[in-house]
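Welcome! Below are some exercises with worked solutions, to be read with the structure open beside you. Try each task before you read its solution.

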Amino acid sequence: MLNRYYKIEEEPEESLFLFGARQTGKTTLLKEKFPSATFVDLLDLELLQRFTKRPALFHQMLMQEKPGSLVIVDEIQQLPILLNEVHWFITNRQLRFILCGSSARKLKRNGTNTLGGRALPCRLYPLVSAEIEDFDVVRACNHGMLPKLYLCNEPQRLMEAYVDIYLREEIKAEALVRNLAGFSRFLEVAAQTSGEMINYNNIAADCGVSANTVKEYFSVLQDTLIGYLIPAFNANGKRQCVQSPRFYFFDVSISNYLLKRSGMLPGMPEFGHAFEQFIIQELVAYMGYNHINEELSYWRTYLGKEVDVVIGKARVAIEIKSAEEIQSKHMKGLAQFAEDYPECRRIIVSLDRINRVTSSNIELIYVYDFLRQLWNGEII
């Protein structure tokens, strides 16, 4: 059994919104940590239909609960109207709720009761390296970090089902987009530009839709937790820097499937892209789980010098390279960044096994050592 890093049982004794993309393991985690809780599964079609027709049934069911009891509602976005009842029971019966969901979009719509701050927002990410015994970074870059995919020896069919059912069909079922064919094409283009600066006009031309539609599609991916934007580092440095955000799917497996990447090994260009996305996944998850209230961004000048990750106001800068031997050419971005932000800690994480510090004070850390240090709280 996987021992998840996120200790949801240690969260404050408040109600929670637990969000996370499908198949990250939310239901498994909640059932493992809270076996005696009342569990309401809104993926149960019969139950969903009954509550849809008669929300009062939900009220009648919860009236049997004692004050202080825990109630878990899985996939709450399927029936946001139940949040009115949740609000009432928190206020009047002192019930505690964990409201689990894979999409925040429906909960953002006008008229939805967001509980007025009575439920703390939490997030479950895909697996992280610290949760896996004998973790293999090559496997992670090829399979992704969704539990079923990482543990599966042949993940291709599971990836296909995930993309076709959970991305296209779920988005279609929620009526989030009208042009499903255009959206499917957009997913492929988004995968091709993953980790690159977003140019809405270029993507729109490739997809045959307007730039405003492309912006809305990216919004859909963020609201359904399928992807996220990483902003450009914004500070008053000496150089003019680009300000367009970068997009990443929430798990490298999505990019792999859409780009038909498999069997990647170190040294292949495709592996380098997957390796970068994986490290960023780990950083995003670490900061999320540890409630680190700093921005994760990237830095790039108009002349092409860049740093993959900047934490906070230039507190830490990280360059991600899949090379097995780091050379001076790999350090140029960090060296130029240091001219503007000399106090910044600078790191290159790579497949180079020899950990060392260069004369310009750049730390070169082998990927497995970097991941261990990250989850021990020694990087950020």
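A residue counts as buried when its relative accessible area is under 20%. Keep in mind that this is a predicted model.

**Exercise 1. Find out how many residues of strand 9 are buried, and what follows from that.**

Step 1. Locate strand 9, which covers residues 306-311.
Step 2. Apply the cut-off of under 20% relative accessible area.
Step 3. Six of the six residues are buried, so strand 9 is largely enclosed by the rest of the structure.

**Exercise 2. Work out which way strand 9 runs against strand 8 and against strand 10.**

Step 1. Begin with strand 8 (residues 296-300): four bridges pair this strand with strand 9 in the antiparallel sense. Look for R300, which stands opposite E306 in strand 9.
Step 2. Follow the hairpin between strand 8 and strand 9, with its five residues between the strands. Here G304 takes a positive phi near 100 degrees.
Step 3. Move on to strand 10 (residues 316-320), which is joined to strand 9 by three bridges and also runs antiparallel to strand 9. I311 stands opposite V316 in strand 10.
Step 4. The hairpin of strand 9 and strand 10 has four residues between the strands, and in this hairpin G312 has a positive phi near 65 degrees.

**Exercise 3. Describe the pairing of strand 13 with strand 11 and with strand 12.**

Step 1. Strand 11 (residues 345-350) runs parallel to strand 13, and five bridges join the two. In this part of the model, I347 stands opposite E363 in strand 13.
Step 2. Strand 12 (residues 356-357) pairs with strand 13 in the antiparallel sense, over two bridges. The bridge partner of R356 is L364 in strand 13.
Step 3. Four residues lie between the strands in the hairpin of strand 12 and strand 13, and N361 there takes a positive phi near 70 degrees.
Step 4. Finish with burial: four of the five residues of strand 13 (residues 362-366) are buried, so strand 13 is largely enclosed by the rest of the structure.

**Exercise 4. Give the strand order of the open sheet of six strands, then say which helices pack on this sheet.**

Step 1. The order is 8-9-10-11-13-12, with mixed pairing.
Step 2. Strand 8 and strand 12 are the edge strands, and each pairs on one side only.
Step 3. Helix 13 (residues 269-289) packs on this sheet and touches strand 8, strand 9, strand 10 and strand 11. The direction of helix 13 makes about 150 degrees with that of strand 10.
Step 4. Helix 14 packs on the sheet as well, touching strand 8, strand 9, strand 10, strand 11 and strand 13. Its direction makes about 60 degrees with that of strand 9.

**Exercise 5. Decide whether F337 is buried or exposed, and list what F337 touches.**

Step 1. F337 is found in helix 14 (residues 332-340).
Step 2. The relative accessible area of F337 is 0%, so this residue is buried.
Step 3. Leaving out residues up to four places away in sequence, F337 touches F233, W299, V307, V310, A314, A317 and C344.

**Exercise 6. Name the edge strands of the open sheet of five strands and explain what being at the edge means.**

Step 1. The order of this sheet is 2-3-4-1-5, with parallel pairing.
Step 2. Strand 2 (38-41) and strand 5 (119-123) are at the edges with a single partner strand each, so one side of each has no neighbour in the sheet.
Step 3. On average, neighbouring strands of this sheet are turned by 15 degrees against each other, direction ignored.
Step 4. Strand 2 pairs with strand 3 (residues 70-74) in the parallel sense over four bridges. The bridge partner of D41 is D74 in strand 3.
Step 5. Helix 4 (residues 82-93) packs on this sheet, touching strand 1 (15-19) and strand 4 (96-101).

**Exercise 7. Find out how helix 10 packs against helix 11.**

Step 1. Helix 10 (residues 200-207) and helix 11 (residues 211-223) pack at about 100 degrees, and their axes are 8 Å apart.
Step 2. The angle makes helix 10 roughly perpendicular to helix 11.
Step 3. Helix 10 contributes Y200, N201, I203 and A204 to the contact, and helix 11 contributes A211, V214, K215 and F218.
Step 4. Sorted by class, this contact has six nonpolar, one polar and one charged residues.

Key: Residues are numbered from 1 along each chain as its sequence is written. This is a predicted model: local features need pLDDT of at least 70, side-chain atom pairs count only at pLDDT 80 or more; totals for chains, interfaces and linings use all residues. Side-chain values use heavy atoms; hydrogens and water are left out. Axes are lines fitted to C-alpha atoms, for helices over the stretch in contact, and angles run from 0 to 180 degrees between N-to-C directions. Angles under 35 degrees count as roughly parallel, over 145 as roughly antiparallel, 65 to 115 as roughly perpendicular and the rest as oblique. Contact means heavy atoms within 4.5 Å. Ala, Val, Leu, Ile, Met, Phe, Trp, Tyr, Cys and Pro count as nonpolar, Asp, Glu, Lys and Arg as charged, and the others, Gly among them, as polar. Buried means under 20% relative accessible area, exposed over 50%, partly exposed in between (1.4 Å probe, protein chains only). Two strands pair if DSSP finds at least two bridges between them.
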